[in-house]
Amino acid sequence: MSGEIVLKVENLSKFFPMKKSVFSRAKHFLHAVDNLNFQIEKGKVLSLVGESGCGKTTTGKTILKLYEPTGGKITFLGKDVTHLHEAEDKRWFHSKTQMIFQDPFESLNPRKTIFDIVAEPMNIQNFGTLKKRELMVMDILKRVGISPPDAFLWRYPHELSGGQRQRVAIARALVMKPEFVVADEPTSMLDVSIRTQVMKLMMELIKEMNMSFLYITHDLAVARYMADEISVMYLGRMVEYADSEELINNPLHPYTKALISAVPVPDPEFKRKSVEIKGGIGKPIDPLPRCRFYDRCPFAMEICNQKEPELVDVGQNHKVACFLYKKDGDTVA
Amino acid sequence: MTDSTNTTVETTEAKLESPISIRMKLMWRSFKENWKIFSQSKIGMIGLYIVIIFAVAGFIVYPILADTVWKTTSLNAMVSYNPVTGYDFLQNNPAPPSWAHLLGTDPLGRDILAQLLYSTPREFMLGIVAALITVIIGTLIGTIAAYFGGALDTFFMRVADIVLLFPFIPFLIVISGMMQVDLLTLALIIGLLSGFGGITIVLRSQALIVKSRPFIESAKVSGASDSYIIVNHIIPNVMPLSFLYMMFNVTGAIFSEAVLSFFGLLNIKMSWGLMIYTADTAGYIIGSNIWNYWWLWLPAGASITLLCGAFYFIGRGLDEVVNPRLRKR
């Protein structure tokens, strides 16, 4: 627990109102992100893992102000950035944060050249002269492995391959040397052969530039490779949070156990206790005050239907939101 | 490692071309690519040829002829004769085509060919000004409505519905009864009215598609303002469609002008519609007479049809550039 805390998220919530028309008042809310707490230290990678629709991406986008948070507090570099009103604050925040998107075919404007795309954050922030921007673009393109950069500078995204496009997207995100980057499944649209290259590249750049990453993924193997800490989300709630090795080796929450047992192991002899869960993921619209995993949990108890479990520390920075566990690792059931 | 990077950056810096010349080259390249697709569409090329013929006739041939053959004091020493406004006393008017008047004269003794050529640049001006205003308004309103959504979007879309249902020509007739409408005012009125109409709906739907794409969010994360996103991301992506609609709007504007001048409602010196109006009011386009005096209405009518059609054909050709689905493989 040493090191500077870059990002701290306290009780973050994002509810989407379900309106029928512009003028009607919303009666139902979709609880995309509900009461999230975590913090990221400088140079560390936190991975958010979960099924599709569990609010991982919404969390990332809410932190980066693409959505206004419904409740909670976001502290970035010691400054409260939950609601940014002043233009100066916005500029400061947006110049220090960036996002890498999932689909490299959609996250680059097809009508802009690679130079325009990579230099755009600097254009928006009015950073440096044109000459300086050009040099910085060339430098970062070289660092993400697009070389020679001047051969690519004036090409359009459709002239590049998927891997090259994602490298350009990474270059664009890192050109201003941000403190904090949200990476929203940056490798899931790529070829398996390119995926590892891009992941290695990101690891190198994170170490080199000492950035903090929020790495969103649905793949526990990727999360384990990339992240220092993993937090598992289920329907907008954080169900487990631990250092990545600890989480993979010692999963506590039934959902995490099920997730890990679903990861294929390249060993035909391997036998693992599988955790059976029932049904599919529910809808987080006006959820009842009970454990969100209640319907699918093989260990569901009476208390799970009555109140929501809190995230409890079971030691070694391992937190889990389940009534099966109490403080200091005692097992209840 | 970093040293070598720096030196290579500096060497490549030396051979960098200036960004402006590169951008010009890129534009030229994309123009060439689009031209290749456009030139493969026959209908578009026919339209382009017709427009070029009219443009040459109106902007080059007419000034030359006006300076030489149709010089106000030439033709005959007896009277000064202006082919667009004057009366030719040497024959009974309307006179059929002859060597003196290649397309004959109208009931007021004016040369038909001269009137036709004199009107051509004005038709172009009207069509293009009206279409430009339409497209500028339509693009701005469409993208703004799509981007901000909500009540603003609803408001502009209902306005567009009303404008679409509006009886366009009757409205123009009422307007021209209320005020003196010359060519520029007409272009402004047509541009404003159709700018809030159907084109907004089309461009809004296109902008909605662009708006939902991740590069918009990517710009937002970098701190881009709403106006930056609209100007730099959404408008360039709907621009081809606006350009296409501009071509269709030229047709509409020229057509509306012809209708209004045919009713004699415009305060203009000469236009194709007005030529037909003149023939009509003098009673030459009635019943069986109509083919006896064909030179009074056929050249003007054919010109309106051809030029309107030509711009529409160009639009069809551009459609194939803009919508790859329409291309023949």
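**The core and one of its helices**

Mentor: In this predicted model the largest nonpolar core has 166 residues, and those with the most contacts inside it are A:Val118, A:Ala171 and A:Tyr215. Such a core is a set of buried Ala, Val, Leu, Ile, Met, Phe, Trp, Tyr and Cys residues joined through C-beta atoms within 7 Å, where a residue is buried if 20 or more other C-beta atoms lie within 10 Å of its own, exposed if 12 or fewer, and partly exposed in between, with the C-beta atoms placed from the backbone. The largest share of this core, 17 residues, comes from helix H10 of chain B, residues 226-262; helices (H or I, at least four residues) and strands (E, at least two) are DSSP runs numbered from the N terminus.

As to conventions, residues are numbered from 1 along each chain as its sequence is written, while chains are lettered from A and ligands numbered from 1 in the order in which they are written. Because this is a predicted model, local features need pLDDT of at least 70 and side-chain atom pairs count only at pLDDT 80 or more, whereas totals for chains, interfaces and linings use all residues.

The helix to look at is H6 of chain A, residues 162-174, which is mostly covered, with eleven of its 13 residues buried. Among them are A:Gly163, A:Arg165, A:Arg167, A:Ala171 and A:Leu174. The buried residues of H6(A) pack against strand S6 (97-100), helix H3 (114-125), helix H4 (130-143), strand S7 (180-184) and helix H7 (192-209) of chain A. At 1.5 Å a residue, counted over one less than the number of residues, H6(A) should span 18 Å, and its end C-alpha atoms are 18 Å apart, which agrees.

The phi of A:Asn126 is near 60°, a positive value in a residue other than glycine, and A:Asn126 counts as exposed because it has 8 C-beta neighbours inside 10 Å. The loop between H4 and helix H5 (149-152) of chain A contains A:Pro148, which is joined to A:Ser147 by a cis peptide bond with omega about -5°.

Terms used. Two residues are in contact if their C-beta atoms, placed from the backbone, lie within 7 Å.
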